[in-house]
Amino acid sequence: MMISDAMEDEEKWLAEGIAGIQHNAFYMHRALDSNNLREALKYSAQLLSELRTSRLSPHKYYELCNLLFNFNMRAFDELRKLEIFFKEEERHGCSVVDLYELVQHAGNILPRLYLLCTVGSVYIKSKEAPAKDVLKDLVEMCRGVQHPIRGLFLRSYLAQISRDKLPDIGSEYEGDDDTVMDAVEFVLQNFSEMNKLWVRMEHQGPARVRDKMEKERNELRDLVIQHLDLVRVDGLVVGKNLHVLSQIEGIDLDLYKETVLPRVLEQVFPDEYHLQTLETLLGACPQLQPTVDIKTVLSQLMERLSSYAASSPEVLPEFLQVEAFAKLSSAIGKVIETQGDMPIVGAITLYVSLLTFTLRVHPERLDYVDQVLGLCVKKLANKPKLEDSRATKQVVALLSAPLEKYSDIVTSLTLSNYPRVMDHLDNGTNKIMAVVIIQSIMTNHAYVSSADKVEVLFELIKGLIKDLEGDSEDELDEEDFNEEQNSVSRVIHVLYNDDPEEMLKIICTVRKHIMTGGPRRLPFTIPPLVFSALKLVRRLQNQDGDVSGEENPATPRKIFQLLNQIIEALSYVPSPELALRLYLQCAEPAPGVEAANDCDLEPVAYEFFTQAFVLYEEEIADSKAQVTAIHLIIGTLQRTNVFGVENRDTLTHKATGYSAKLLKKPDQCRAVYACSHLFWVDDHDGIKDGERVLLCLKRSLRIANAAQQMASVARGSSGPVTLFVEILNKYIQFQKQKGGAMGEKFDTIKV
């Protein structure tokens, strides 16, 4: 009953509209016969105002419009009569330029634009202005009507009245300023705007009326096809514009291939049509001539489908239903196979587009991502390193896409074909890609937590870890090289696992790779590995229970043994000062571990100090470096309380002896009084030897006296008393802090 009432109401509204048009048409005809321009414009505007209705369905609206301008041009429509009147200036006495301005004063926008298009047709024919300027003005002004149905019919009328006035080759409207490109641009722009209105017609209004709107769209399509007898594709939207395009004589193959075809494919069909007819569309691609830029067509198709998938999660099941990925992948393979002479850059560009589509539509399907990379590997097989800069750029884009999509680097490391693609890059680009991978890790604060993944990661960044075949030492300046190695060092710090056993495997994996780096790289990469291992020692130190058993693969003793081997590699660089610092750094945590876990690590710590002394004695020759090194040894030894009496005496004796053998007397003096702290340690009851503390201070005083005497002989003056002040400070420090047992001894000293 409600449907019947609605149909009756619509018939009533249509009848009212028809009556209004016929009434105003009568008075318009009378004004035209009497050459009365003002009255003609008045009644024509009122006549066109009937098209402002929103109460009619597309079918009824079409019937109403047909009274004014027949789409099939079989009748002499009302607006055609008005156009003829406008063209005969002697009848109304108004120039076409003034008339073009005059009609823009119509009160409502829809009548105003219909009149403007009608006068615009006459304006172009008069040739008083370039055709392209008038056409551009009209196509832009029509944007003022955004109601889908009213806008579609308005633009359809624009396409109809302009079709014989385009600046085509051989046309009377062609000139220096008017070219065939202007005609193509006008038709494509009108085409694009109509397509937007067509899509809006489906999506406007609340969800409950969507089915009704889709039905009306189908009605309109069938209706226009019936009357136009044109191509059966979205009738009103596509039919007129494609038909007009096909009639432009100036469109040659190049213009069609580079401009028309991509723009048409971009606009013609709704995205759901592309998706549901994907197999048919892709099946035609391999049959195209080699001169057709199929790469651009497929790339834009995948881009558009990706955007469609991103528009709403509800459409994603449609992609799975039609197996979009499989069909696109197969089509790309057939196109590349058919066009055997396709440049490698073209094939890789297609794979980049396919990968982008996959990451946007099926981000969870890592097997799809790896499959695309595998297709690229297959295409690059049996080919040397890429030398084409454009192809290299596309490969970098291919490899960067997963890094940008997945914030977790581990996800990309699971792709088995990822490193195989990188193998085809030249050495320089391989390094660039390695830096990109590291930057992705740092930016996303990612952690790699298994030895297997570390193995894959270091294989990917091997261009930074070691010299590749064909590398030249002079290719990279020192600053860039240092920055690269610093980035590798930062990566080592993000390798972590809570399980000590797995963490030790990670350390061993890193060691295996960085040891191939050569003497230039080891000073950068060994320190972070050493500190990573020391972190593991501290974690073991804080664990409850025994961690020192032989059956346990991750124990402090075993880690220290590994560290000894790692640092030893620096002696071959050579980098003795760095090696000495690392030996001392390793020796310092050992006591804490021993105290916490009752482990006998004294031999390990003693070995670290021994290696430090060997480096000091045999490798460090610079006097300033010796001063720094001996103070580091003294400071570390003072904080180490793991040694027994015999080993500690040996090490302190060595430190005191080397202190007294420094080149300069002031350096000797300072090093010797620093050794006094080795014989009195507050938090260790067994190391409180006041006699030897006093002996060190007296010895430093004698050295200071000797230094002053030498200064007097050499310069003729006794020199500054700085050393005496420093020694006095030490005496006072021991007197106050360590008084008690030592106070009387210090009272006997004279400075």
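This is a predicted model: local features need pLDDT of at least 70, side-chain atom pairs count only at pLDDT 80 or more; totals for chains, interfaces and linings use all residues.
Q: What makes residues of α28 count as buried, and which are they?
A: Buried means under 20% relative accessible area, exposed over 50%, and partly exposed in between, with a 1.4 Å probe and protein chains only. The buried residues of α28 are Pro500, Glu502, Met503, Leu504, Ile506, Ile507, Thr509, Val510, His513 and Ile514. They pack against α25 (451-460), α26 (462-465), α27 (478-492), α29 (522-541) and α30 (556-568), where contact means heavy atoms within 4.5 Å.

Q: Why is Ser121 called buried?
A: Ser121, which lies in helix α7 (residues 109-126), has a relative accessible area of 1%, and therefore counts as buried.

Q: What makes the pairing of Ser121 with Glu83 a polar contact?
A: A polar contact is a pair of N or O atoms within 3.5 Å; within protein, one must be able to donate a hydrogen and the other to accept it, and residues adjacent in sequence count only if both atoms are side-chain atoms. The side chains of Ser121 and Glu83 make such a contact at 2.7 Å. Leaving aside neighbours within four places in sequence, Ser121 is in contact with Glu83, Ile161 and Lys165.

Q: Why are α16 and α19 called roughly parallel?
A: Axes are lines fitted to C-alpha atoms, for helices over the stretch in contact, and angles run from 0 to 180 degrees between N-to-C directions. Angles under 35 degrees count as roughly parallel, over 145 as roughly antiparallel, 65 to 115 as roughly perpendicular and the rest as oblique. The axes of α16 (residues 294-311) and α19 (residues 344-361) come within 9 Å and cross at roughly 10°, and the two helices are therefore roughly parallel. Their contact divides into nine nonpolar, six polar and three charged residues. In this scheme Ala, Val, Leu, Ile, Met, Phe, Trp, Tyr, Cys and Pro are nonpolar, Asp, Glu, Lys and Arg are charged, and the others, Gly among them, are polar.

Q: How do you know how α31 lies relative to α34?
A: Helix α31 (residues 576-587) and helix α34 (residues 623-639) pack at an angle of about 5°, with axes 10 Å apart. The pair is therefore roughly parallel. By class, this contact has six nonpolar, two polar and two charged residues. Glu577, Leu580, Arg581 and Leu584 of α31 meet residues of α34, among them Ala625 and Leu632.

Q: Why is Asn35 called partly exposed, and why is His445 called exposed?
A: Asn35, in the loop between α1 (2-33) and α2 (37-49), has a relative accessible area of 34%, and is therefore partly exposed. His445, in the loop between α24 (427-443) and α25, reaches 65% and so counts as exposed. Phi is positive in each residue: near 55° in Asn35 and about 50° in His445.

Q: On what basis are residues numbered and values computed?
A: Residues are numbered from 1 along each chain as its sequence is written, and side-chain values use heavy atoms, with hydrogens and water left out. Local features need pLDDT of at least 70 and side-chain atom pairs count only at pLDDT 80 or more, whereas totals for chains, interfaces and linings use all residues.

How values were computed: Helices (H or I, at least four residues) and strands (E, at least two) are DSSP runs, numbered from the N terminus.
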